[in-house]
Amino acid sequence: MTEHPDILQRVRRTSTVLADGRELIYFDDSEPYLSGAKSRDVADERPLDDLPTAGTMRLDALTGDWISIADHRQNRTFLPPAGECPLCPTGGGTMPSEIPAHEYDVVVFENRFPSFASGATTPGTSADEPSADEPTANPLLAHAPALGRCEVVCFTSDHGASFSSLSPTRARTVVDVWADRTRELSALDAVEHVFCFENRGEEIGVTLHHPHGQIYAYPFIPARTASLLRAATAHHARTGRLLGADLLAAELDAGSRVVIRGAHWTAYVPYAASWPVEVHLVPNRDVPDLVALDSAERDELAEVYLDLLGRLDRYYEGPDGSPIALPYIAGWHQAPVHQGRDVSRLHLQVMSVLRAPGRLKYLAGSESGVGAWVNDVAPERVAARLRQVGRAADAL
Ligand SMILES: [Zn+2]
């Protein structure tokens, strides 16, 4: 068992190993595990294959982007019946799940079908794939082992819940978990960037309904992160200031797109939003990543994020006036591990492809072909609606 002093007071962290060698970590915020009255000692007794090894990534010479080639992921679990959910505690369904315990608060484990993995590559994994250790003859066809790590974060053992229905205490635990994982994954040899995210809703390709998020630790700086870093670096060189801080000041000054203003956090619809529904949640203080958040900021983040997700779930109404749970992607933009930490500023981006009830925005020719976005909805209108559907309690 390993524990970190920062989260020791409110969360007990217990690291264990699954049958195939993957790490699983319990983050307990309730009794009897929080005090240590009971310990996490249930073994995973499934007959699993060996630990997944790193696959390959190939360099797209046209763009300079790395593409992870993970054809083993085609076999991953796809929308299983509830009794076979791999993220529910073991014992409730018809087969053992990924989590050997009968109950849990928050759990993190290494993905069984990772796009990036630690450890040696397996030479000749498939007949047409050169071993990642062998250089190819042509430098335009470069490849490298897809080193790194992919983790799954189960927000609750309740299969029917969602992040927005978590208690503030549980949401606060997830904030600690994101920070803990960012710290640990940033320390791994190959890792250049850590991305904590959640996909919710079948509309955006969720393959498991159980409320969960993911964390990818990449061995390179991803394309959009690189783009954010270029803009932040140029702004800092020109003004000596942080782009994220100046943008927050500009949004507060304009006011029309601000949705929530807290003591430590601000949520606004960005001036040039790309998605039909998009909100940025930013700390009021300059911090590079989740690890740097202090206790008061983490407390308020849990509250403000739940408030924001609640508003998003009231954003659209069905024909009978009932709210429509918004499919969304939520991702934390953090400073890369080794570059640009002095110019980067943490922010959460929440976005949805739902442009009207039952109507999805497809990333078609302009967006997918050349990366030129067309947004049919004025950001000010989105912000006004999100203010209107404010906290359920405020409306009473
Ligand atoms: Zn489940």
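Analyst: Let's start with aromatic rings: those of Phe, Tyr and Trp (its six-membered ring) pair if their centres lie within 6.5 Å, and the planes make the pair stacked under 30 degrees, edge-to-face over 60 and tilted for the rest. In this structure, ring pairs link F116, F195, F197, Y216, Y218 and F220 into a cluster. The model is predicted, and local features need pLDDT of at least 70, side-chain atom pairs count only at pLDDT 80 or more, while totals for chains, interfaces and linings use all residues. Residues are numbered from 1 along each chain as its sequence is written, and side-chain values use heavy atoms, with hydrogens and water left out.

User: How many aromatic pairs does the rule count?

Analyst: The count comes to 15 aromatic pairs. One of them is F116 with Y216, an edge-to-face pair at 6.2 Å centre to centre and 75° between the planes. To place these residues you need names for the parts of the chain: helices (H or I, at least four residues) and strands (E, at least two) are DSSP runs, numbered from the N terminus. F116 is in the loop between β5 (106-110) and β6, and Y216 is in strand β9 (residues 212-218), so to speak distant parts of the chain, 100 residues apart.

User: Are F116 and Y216 buried or exposed?

Analyst: Buried means under 20% relative accessible area, exposed means over 50%, and partly exposed is in between (1.4 Å probe, protein chains only). Both F116 and Y216 are buried. Another edge-to-face pair is F155 with F163, at 4.8 Å centre to centre and 75° between the planes. F155 counts as buried because its relative accessibility is 1%, and F163 is buried with a relative accessible area of 1%.

User: Which residue lies over the face of Y26?

Analyst: A charge sits over a ring if NZ of Lys or CZ of Arg is within 6 Å of the ring centre and within 35 degrees of the ring normal. Here R40 lies over the face of Y26, at 4.4 Å from the ring centre. R40 also lies over the face of Y33, at 3.6 Å from that ring centre.

User: What are the protein donors of the zinc ion?

Analyst: Donors are N, O and S atoms within 2.8 Å of the metal (3.2 Å for Na, K and Ca), and sites may look incomplete because water is not among the atoms. For the zinc ion they are C85 (SG), C88 (SG), H159 (ND1) and H210 (ND1), lying 2.0 to 2.3 Å from it. In sequence these residues are spaced C-x2-C-x70-H-x50-H. C85 in the loop between β4 and β5 and H210 in the loop between β8 (193-200) and β9 are 125 residues apart. Both C85 and H210 are buried.

User: What is the geometry of the zinc site?

Analyst: Four donors count as tetrahedral if all angles lie between 85 and 135 degrees. The ideal angle for four tetrahedral donors is 109.5 degrees. The zinc site has angles of 104 to 118° among its 4 donor atoms, and is tetrahedral.

User: What is the strand order in the open sheet of 3 strands?

Analyst: Two strands pair if DSSP finds at least two bridges between them. The order is β4-β3-β6, with antiparallel pairing. The edge strands are β4 and β6, each pairing on one side only.

User: How many bridges join β3 to β4, and how many join β3 to β6?

Analyst: Strand β3 (residues 56-60) is joined to β4 (residues 65-69) by 5 bridges, and to β6 (residues 143-145) by 3. L59 has W66 in β4 as its bridge partner, while T56 has P145 in β6.

Key
Four donors count as tetrahedral if all angles lie between 85 and 135 degrees; four count as square planar and six as octahedral if opposite donors are over 155 degrees apart and all others between 65 and 115; anything else is irregular.
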